Amino acid sequence: MASEPHHWRGTEPRRVLAPDGSLVGDPDVGLGPDDLRAMLRFMLLARRLDRECIALQRQGELTVYPGFEGQEAAQVGSAMALGPDDFVFPTFRELAAALVRGVDPVQYLAYHRGTWHGGPYDPRATRFGPICIPVATQIVHGVGYAMGLALDGVRACSLAYFGDGSTSEGDFHEAANLAGVFGAPTVLFCQNNGWAISVPTARQTAGEIWKRAEGYGFPGIRVDGNDVLAVYRETREAAARAYAGEGPTLIEALTYRVGAHSTADDPGRYRGEDEVSDARGFDPIARFRSWLLAAGHIDDDLLAGWEAEIEEQVLTIREGVIAQPPPPVEWMFDWTYADPPSALAVQRSEVLGG
Amino acid sequence: MSAERLFSMPDLGEGLEEGEIVEWLVAEGDTVALNQPLVEVETAKATVEVPSPYAGVVISLHGPVGSTIAVGGALATFAVADEVAEDGDSSGQPQPGADADSAATPDQHPSRGGRTTPPVRKLAKELGVDLASVVGSGADGRITAEDVEAARGSGAPATSADAASRKVIATNLERQAAIPQVTTFRTVDCSALQVFRKELGVSPLPVVVAALCRTIAMHPSLNALWGDGQVTERDRVHVGLATDTERGLVVPVVRDAHSLGIADIAAEVARLAEAARAGSLSPADLTGATVAVSNTGSYGSEAGTPILSPGTSVTLAVGVIEARALIADGAVVARPACTLSCTFDHRVLDGAVVGRALGDLVEVLTSADRLGDLRR
């Protein structure tokens, strides 16, 4: 067996399925066969779409795109564990979670095509916030939103996604500390994928991320982020604690970024091929699919049918992305300032040829 | 039936300008599937495999291995089944796959006024080139920096440049007017100066600049600046010369004037004046003044109250040199003379300090011996 990604060392993460797909925990996480199948289908769609997005960037149709291959279980498992009133605060790498929340992928990808800032989907309708490029700021937003939920007396929670790199930001500390002090109904969900662009987790922190929760006064959990059932179960329990007024939970999901940080990055410059091929041995989709097959929830015919459907679905998304017209150029002036400075008024008229 | 589609070199990173062909993964005449690996390209950031944006037949590959293609330049041409093509679209869309929907959108960028990029707009402003009169040679008819350079001097009207430079002047003056500044005056007998500068074959200005540098060596606080709640002295003396041009006031800078002789200062003054008239001053020519001189005499003014130039604590206006009635040895005599008007930042300098410094400056300018001590 290939060796585990370097940053998985230390405390054993919670698991339902071992990396080889064998059962090591209770598979009854509260999902019926239909839901289990939907879970795998989301993961398959997410991976195929992720690869298409990278191709679209190489073809000049997207400006820049951050891939998430290898992180499908962490995203799909956690997003599926949330209720319709819960609110997700994503980074820029949560397309799989967005799919689960019902965000239109063409609208989501408008951001990466550069035709819309933040994506034209309605965050209130999908309860999925705008794509957030600044590192760790969305954790603050998520905690603030959760404090609002508590003040309103609404039985719901927020979930903020972030990476291992975010935990070195002041925003993470401030948000986590505030969440603990005010008992905010929030889930702080760290996808520790081993790399913050070129910085490995070992250079990010000398400790284990999940353990920091103790210092903030709330539970921290380390889960195998490539085990979709375990991710689902732990997120569901964290949400249940939030609903019950028991405050925040920090979840460290151990996963691995198989691809580049983004299409503008060349990981060959800072990590070896061996590490990546080893990590592929812990693939989240292969693990879950193997268990579903063994449990009799799916068969090869179903998978073949899905493959054709997903291919069709992704081509439709591709065409939708390419068909997006550029927005009227004056929007960048009209929608930035309530009262544009005079210099921008001059530029606006120059651009419009006036 | 099939239609030709051109695939242009995309920006494979963020803000890259070109890519080098490492290896073609298909050959001309090959039938390719959508997303089939097409070419390996090396950019400044990474080596990446580019997948084919079309399903069809490769008609041509536009560069040999090892060649560099600019972003937006032709990479490969395909023949694609005509169900995805439409009339008039065979000449090569810059965006692969741009279809009827996007081509027909009502928000096509207007070409009137010249489609171009912000740096080129800035360049056009600096050079006084009206973009509306320039024909673009770049992708999509975009105006390039080269187009603007070429259009310069072609007599394109420069109305917008006038307005822009007026605005810069206004903004600078408004900001400078907030400084507590005081002006003091001295009248100078220019008899010795006129003899000296004619001997050297230069105008009075370079001599005044050299004399001012000599004075600063004795009174370094003239070259200081107020900022962050304190006075900072500066070793190097860069003299800004307030210069009148067709497009308004500019202040080109004689750098390190303290280390130059009068001849070098004169040459630099001439170069800057010429560049100012031609509108070809570089940003380096226009920034960094530590002290300023305004030759208000050039248009006949006797004295003035100049406003400080940005970055300076002293501005010296040199009035017109003309015959005046001066008192020498108790008698009224006609002598060539001028008035020096010295505006200073009162936060940095007190009146007595400036008074003493001006006294030393006058001493240099009026004494044949002291003038002779200046570096030629």
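Q: In this predicted model, how far apart should the ends of helix α13 (residues 300–323) of chain A be, and why?

A: The expected span of a helix is 1.5 Å times one less than its number of residues. Helix α13 of chain A has 24 residues and should therefore span 34 Å; its end C-alpha atoms lie 35 Å apart, which agrees.

Q: Which residues of α13(A) are buried, and what do they pack against?

A: Ile317(A), Arg318(A), Val321(A) and Ile322(A) are the buried residues of α13(A). Their packing partners are α1 (33–58) and α4 (105–113) of chain A.

Q: Where do the buried residues of α12(A) lie when seen down its axis?

A: An α-helix has 3.6 residues a turn, so residues three or four places apart point the same way. In α12(A), the buried residues are Pro284(A), Arg287(A), Phe288(A), Trp291(A) and Leu292(A). Down the axis of α12(A) they fall within an arc of 125 degrees, so they line one face of the helix. They pack against α1, α2 (72–80) and α10 (228–243) of chain A.

Q: At what angle do α2(A) and α10(A) pack, and is the crossing left-handed or right-handed?

A: The angle is about 35 degrees, and the axes are 8 Å apart. α2(A) passes α10(A) in a right-handed crossing. Residues in the contact include Ala73(A), Val76(A) and Gly77(A) of α2(A), and Val231(A) and Tyr232(A) of α10(A). By class, the contact of α2(A) with α10(A) holds 7 nonpolar and 3 polar residues, and no charged ones.

Conventions:
Residues are numbered from 1 along each chain as its sequence is written. Chains are lettered from A and ligands numbered from 1 in the order in which they are written. This is a predicted model: local features need pLDDT of at least 70, side-chain atom pairs count only at pLDDT 80 or more; totals for chains, interfaces and linings use all residues. Helices (H or I, at least four residues) and strands (E, at least two) are DSSP runs, numbered from the N terminus. A residue is buried if 20 or more other C-beta atoms lie within 10 Å of its own, exposed if 12 or fewer, and partly exposed in between; C-beta atoms are placed from the backbone. Two residues are in contact if their C-beta atoms, placed from the backbone, lie within 7 Å. The arc is that of the directions from the helix axis to the C-beta atoms. Axes are lines fitted to C-alpha atoms, for helices over the stretch in contact, and angles run from 0 to 180 degrees between N-to-C directions. A crossing is left-handed if the near helix is turned anticlockwise from the far one by less than a right angle, and right-handed if clockwise. Ala, Val, Leu, Ile, Met, Phe, Trp, Tyr, Cys and Pro count as nonpolar, Asp, Glu, Lys and Arg as charged, and the others, Gly among them, as polar.
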